[in-house]
Amino acid sequence: MTRIALTVNGSRCDADVEPRQLLAYLLRDQLGLKGTNVGCDTTSCGACTVLLDGESVKSCTVFAVQADGCEVTTVEGISQGRELHPVQQAFHELHALQCGYCTPGFVMATISLLKENPNPSEEEIRLGLEGNLCRCTGYHNIVRAVQAAARAGA
Amino acid sequence: MIAAAFEYELAGSVDEAVAMLGGDEDAKLLAGGHSLIPAMRLRFSRPSLLVDIGRLDDLRYVHENGDRIAIGALTRHAELVRDPVLAQHCALLAEAAALIGDPQVRHRGTIGGSVAHGDPASDLGTILLTLDAELVARGADGERTIRAAEFFTGPFENALGHQEVLTEIRVPRAAGTYLKHVRRAHDWATVGVAAARVDGRVQVGLTSMGTTPLRARTVEEALASGASPADAAAHAADGTMPPTDVSASSEYRAHLARVLVRRALERL
Amino acid sequence: MSILGHRVLRKEDSRFLRGEGRYVENLPLDGAVAVTFVRSLLAHARITGIDTTAAQALPNVQILTAADMELGPFGPPPFPGLDPGMGRPLLAVDRVRFVGDIIAVVVSDDRAVGVDAAELVAVDYDPLPAVVDPHEAAKDEVLLFPEAGTNVAARSGSPEHDEKLFDGCDVVVSGTLVSQRMAPCPLEPRSAAAAVGPDGRITAWLSTQTPHQDRMVIAGTFGLDPAQVRVVAPDVGGGFGAKMLNVEEVLLVWLARRLGRPVRWTETRSESMVALPHGRAERLDFTIGGTREGKVLAYRLAALQDAGAYPVLGAFLPNLTALMASGVYAIPRIEFEGRSVVTNTTPISAFRGAGRPEASQTIERALDLLAAELGMDPAEIRRRNFIAKDAFPHTTASHAAYDSGDYEGALDLVLRSVGYDELRDEQRRRREQGDTTQLGIGISTYVEITNGVDETEFGEVEITPDGGAIVRTGSFSHGQGHETTFAMIAAERLGLPVEKVTVHKGDTDEIAKGTGTYGSKSTQIGGAAAGLAADDVVEQAKRLVADYLEASPTDIVLDPALGRMHVAGDPSTAISWADLASRASDDGRLAELKAEREFKSAPSFPFGAHVAVVEVDTETCRVELRRLVAVDDAGTLINPLIAEGQVHGGVATGVAQALYEHVVYDDDGNPLTGTFVGYAFPSAADLPSWEAVEMETPTPLNALGAKGIGESGTIGATPAVHNAVVDALAPFGVRNVDLPANGENVWRALQEAKA
């Protein structure tokens with residue numbers, strides 16, 4: 001076991017982890033943050049996307065030990081109290097979610113995308129989200145939601 | 001899935017990493033982890049020890065070094081994509097990096113990790129081979145420079161010794177193009193073609209046409225003796241044994257290589 | 001003003017947006033042990049030994065095999081006509097029949113240790129020849145069930161051929177459409193948990209679409225009274241037809257009973273890709289004949305359905321293909337013969353469309369082929385064959401009783417919306433110029449059947465003490481938004497704001513009965529049932545108000561805009577739901593403001609027309625879908641926002657089949673597309689935006705006027721895209737491209753045309 005210390009959603013967390021424990025499972029199992037979902041084994045689906053030191057990463061492809069000393073933001077950490085983050089609000093208003101399983105990953109990927117490219121074209125949005133898969137929505141409303149969030153200055 | 005258990009050590013320097021590797025013959029290096037961790041999760045790869053070099057931030061850089069551009073082995077793909085020195089002097093490398101995986105992968109994957117992992121479907125290996133890049137490695141016996149042409153020895157195999165760590169990659173100033181045919185945007189290349197002018201010569205590289213990245217030497221020779229792009233491109237698959245898999249048959253790959261080599265040469 | 005037909009934002013969104021989705025994997029379950037399945041690595045083999053010594057040596061690990069259980073086939077056969085000898089045992093006894101078949105179960109405290117242990121279970125296999133191609137399987141040379149004596153699991157239609165079927169036809173063309181095997185890929189892999197309570201009752205938490213039906217099968221399997229079993233489907237992350245009870249969930253219940261401890265399991269994606277049933281895998285050989293004016297006179301279909309290793313629902317899908325064979329066309333003579341055969345592959349079950357995409361994919365291809373033979377525009381040949389708008393209800397030659405439709409209207413609308421003539425001009429230009437990138441325009445006009453087996457759904461409405469309402473539905477939304485749609489229906493009937501109506505679902509202890517959600521039936525029977533129950537509550541409320549006001553119930557009216565009831569003509573007597581509930585509550589009469597209904601309906605037939613515009617790089621053979629315009633008529637739309645979302649998702653899956661996805665096995669039955677790397681599930685970067693065009697032709701079958709819509713997009717999109725690709729390549733002499741019609745398959749088609 002290795003002892004690590006990291007900041008998750010603004011709070012310091014200390015944890016003992018097996019080296020093979022993924023960041024996704026540290027978040028889910030030890031910190032009780034169930035919003036980050038594991039949807040595949042091959043770093044393909046992006047349902048596990050979180051921010052690591054401000055950049056989107058797939059938490060299923062990071063060992064918890066690699067996050068030692070880092071700042072992690074999950075979907076639970078982006079809304080202020082009960083008010084939704086502008087990206088969450090846009091997803092709601094544009095009906096960009098159905099079963100919801102891929103949604104936290106898309107929301108975090110979107111936050112990172114808009115940080116790097118605040119005014120993306122539709123093509124840039126689609127390419128910017130190529131690392132996230134959805135089976136329900138056909139992506140159409142997700143793209144509209146990202147556009148709305150960008151307009152709102154998210 | 002869950003990886004098989006392993007020991008973990010964090011290296012504070014390259015020399016420390018070298019020593020740690022020496023302690024276990026089944027040890028592997030962990031950089032960005034985006035080649036290794038997927039393989040470990042499926043239990044295709046089961047190192048007994050991971051030596052983590054991911055914190056060696058002094059290996060993240062791009063700068064001019066004489067007639068070459070020097071790139072630290074731990075530079076992330078996303079950093080290559082936005083680097084101004086590369087944009088000016090070797091945009092081909094940045095353009096290829098932009099086609100790897102997806103944004104999340106590019107935030108973590110490193111050029112050294114990707115190249116050392118040696119997937120024949122990797123884009124950067126082809127770029128380095130096409131550019132006659134040099135790869136600098138440090139091991140127990142000190143530092144050495146390996147030419148790209150000698151680096152890729154087989155599928156997921158390279159010329160590095162067990163205790164060697166890639167520290168830097170050196171590419172020439174060069175203009176070129178990389179065409180990547182994919183099924184889906186974030187896929188590995190079905191076939192990739194790099195064409196670049198290096199020291200006045202046109203050099204052509206191929207992804208996913210064999211067990212390593214390949215140089216299309218017959219194409220290059222044809223061009224050197226004055227053949228048109230179309231005529232030279234007809235040789236694109238010469239001497240290659242492209243795989244058949246769920247993405248494409250060997251014959252279709254050969255066809256793609258010919259088409260893409262012609263297009264890449266026409267763009268140069 | 002009615003709220004129906006408005007784009008009401010979803011009530012259920014908050015928890016999903018915040019990462020508080022109640023997926024089974026997220027539910028706390030104290031003391032639960034982890035379950036890991038040991039699955040076959042071979043497609044067909046005898047098991048001659050299972051050595052668990054090494055696995056057993058890991059801490060807190062227990063391994064169980066068939067030797068530890070009384071076994072029989074899994075539950076009752078799903079449909080009459082299946083040989084019980086082809087039933088799947090819960091754990092492999094002495095034979096495995098597909099890669100993924102379960103050989104042993106590992107129970108561990110720690111999930112990671114469970115995976116380690118599963119790997120250490122040493123299975124001795126005696127390999128048997130594997131049969132993967134249904135055509136080969138149909139030869140009955142390699143038998144999966146020797147006692148059955150055949151690999152044919154089911155037959156449909158009739159093998160009799162009328163030699164005169166194509167009499168009078170000036171032109172007859174034939175072809176083959178292989179609707180390739182697909183993996184449903186819900187983003188949430190299956191998850192299940194089970195526990196036995198102190199009272200001996202079983203609770204199973206399942207990632208399922210069918211909680212009530214699952215409860216019946218679990219009870220039946222263990223010989224229990226259904227009252228002894230509770231199934232809770234909390235939030236489920238997509239199903240698409242595949243998440244209905246399978247062996248894993250039953251094994252979890254068995255383990256919970258045997259061990260006396262709660263158990264839980266979540267499949268990995270790699271596991272899901274072999275263990276969750278696949279879809280499609282139906283091969284259609286077709287012959288179509290018509291006059292030289294393009295009037296279709298006869299259509300013959302022979303279906304070969306791959307059932308996978310253990311026949312389940314998939315074996316019967318050709319019946320739906322047969323039923324819907326002629327689509328939107330008035331074809332007088334139809335012949336259909338179908339066989340389903342077992343192969344050493346993952347079993348086939350329902351997947352978004354389930355038998356109907358195969359029908360539309362084939363008839364639309366056949367129409368285009370006939371049109372090409374006649375040199376006729378594909379839109380024109382369709383016009384000449386539509387069932388007329390005034391011909392409804394219409395029963396087809398394959399015995400489907402269509403309720404309402406306006407097929408020509410849908411075609412006109414889609415052609416106008418896409419700018420058909422301008423596209424043909426552009427195509428002509430590119431052909432004349434010999435452009436490397438050619439344009440392809442593909443049309444599909446389709447009809448589909450929802451609530452296909454005349455099902456009944458349960459709905460209950462109850463007024464709460466504070467004057468709100470609870471709807472309890474037997475439908476089970478796993479992304480389709482019933483918490484909003486059904487709330488809208490009840491709110492409209494009751495005259496309550498949507499915010500005050502809450503929809504409950506998924507817990508068999510709370511919801512008295514139900515069938516679940518599949519077959520695009522939920523709004524038309526579940527929503528309808530809830531609406532009827534709400535009407536009943538209004539009538540009962542009027543009687544209560546009449547009591548309180550000492551009036552006659554027939555004199556009481558509901559003002560839905562204000563949510564109040566009063567004596568007709570005297571609004572000063574008005575009493576709100578809140579006041580009524582409060583008073584009734586005080587009087588112990590709140591139970592009078594509760595009603596339940598079951599609503600049964602015949603199937604309804606949504607329809608539509610899609611046009612796909614593709615660009616084909618004739619050198620690299622890469623196909624890019626530039627536009628897809630979809631007209632989908634599902635009758636009255638309760639919530640157009642949600643309906644559109646269903647169309648978008650359905651279309652994406654339809655396009656995915658046309659251009660990307662294919663589950664592939666090698667000749668030994670090894671899966672070659674067992675992860676999202678090999679299986680080409682498209683991302684947003686691989687698809688365009690959709691152009692969904694509204695059209696509503698109500699159905700007379702329910703008070704809402706609503707048909708189903710969940711699968712329509714899929715059924716319409718695949719043939720439109722497929723036809724577009726073939727259209728693009730027509731100048732090269734290509735008459736067919738295999739699905740997925742992209743890359744390799746386009747290249748092959750071009751090579752064959754050159755030869």
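Reader: How many residues of chain A are in contact with chain B, and how many residues of chain B are in contact with chain A?

Author: The model is a predicted one, and in it 23 residues of chain A are in contact with 25 residues of chain B. On the side of chain A that touches chain B, strand 4 (55-58), helix 3 and helix 4 of chain A each supply at least two residues, and strand 4 of chain A gives the most, with four residues. Sorted by class, the residues of this side of chain A comprise seven nonpolar, eleven polar and five charged.

Chain A also touches chain C, and that contact takes 45 residues from chain A and 43 residues from chain C. Here the elements of chain A that each supply at least two residues are helix 2 (86-93), helix 3 (103-116), helix 4 (122-128) and helix 5 (140-151). The side of chain A that touches chain C is made up, by class, of 19 nonpolar, 18 polar and eight charged residues.

As for the chain that carries both of these sides, chain A has five helices and five strands, which follow one another along the sequence in the pattern β-β-α-β-β-β-α-α-α-α. Its radius of gyration is 15 Å, close to the 15 Å that the globule rule gives for 154 residues, so chain A is as compact as a globular protein of that length. The C-alpha trace of chain A spans about 45 × 30 × 25 Å along its principal axes, and buried residues account for 68% of the 154 residues in the chain. Of the contacts in chain A between residues at least 6 apart in sequence, 61% join residues at least 24 apart.

Turning to the partner, chain B contains an open sheet of four strands in the order 11-12-13-14, with antiparallel pairing. Strand 11 (175-181) and strand 14 (214-215) of chain B stand at the edges, and because each has a single partner strand, one side of each is left without a neighbour in the sheet. Strand 11 of chain B is joined by seven bridges to strand 12 (residues 191-198) of chain B, the two running antiparallel, and B:Tyr178 has B:Ala194 in strand 12 of chain B as its bridge partner. Helix 12 (residues 250-267) of chain B packs on the sheet, where it touches strand 11, strand 12 and strand 13 of chain B, and its direction makes about 30 degrees with that of strand 12 of chain B. Helix 8 (residues 123-130) of chain B lies across strand 11, strand 12, strand 13 (201-207) and strand 14 of chain B, running at about 155 degrees to strand 13 of chain B.

In chain C, the axes of helix 16 (residues 640-659) and helix 17 (residues 712-729) come within 7 Å and cross at roughly 35 degrees, and the crossing of these two helices of chain C is right-handed. By class, the contact of helix 16 of chain C with helix 17 of chain C has eight nonpolar, 13 polar and no charged residues. C:Gln657 is found in helix 16 of chain C, and this residue counts as buried because 28 other C-beta atoms lie within 10 Å. Leaving aside residues up to four places away in sequence, C:Gln657 touches C:Met182, C:Thr718, C:Leu739 and C:Pro740.

Terms used. Residues numbered from 1 in each chain as written. Chains lettered and ligands numbered in written order. Predicted model: local features only at pLDDT ≥ 70, side-chain atom pairs only at ≥ 80, totals over all residues. Pairing = 2+ DSSP bridges. Contact = placed C-beta atoms within 7 Å. Axes fitted to C-alpha atoms, helices over the stretch in contact; angles between N-to-C directions. Nonpolar A, V, L, I, M, F, W, Y, C, P; charged D, E, K, R; others polar. Left-handed = near helix turned anticlockwise from the far one by under 90°. Buried ≥ 20, exposed ≤ 12 C-beta atoms within 10 Å, placed from the backbone. Rg over C-alpha atoms; globule rule 2.2 N^0.38 Å.
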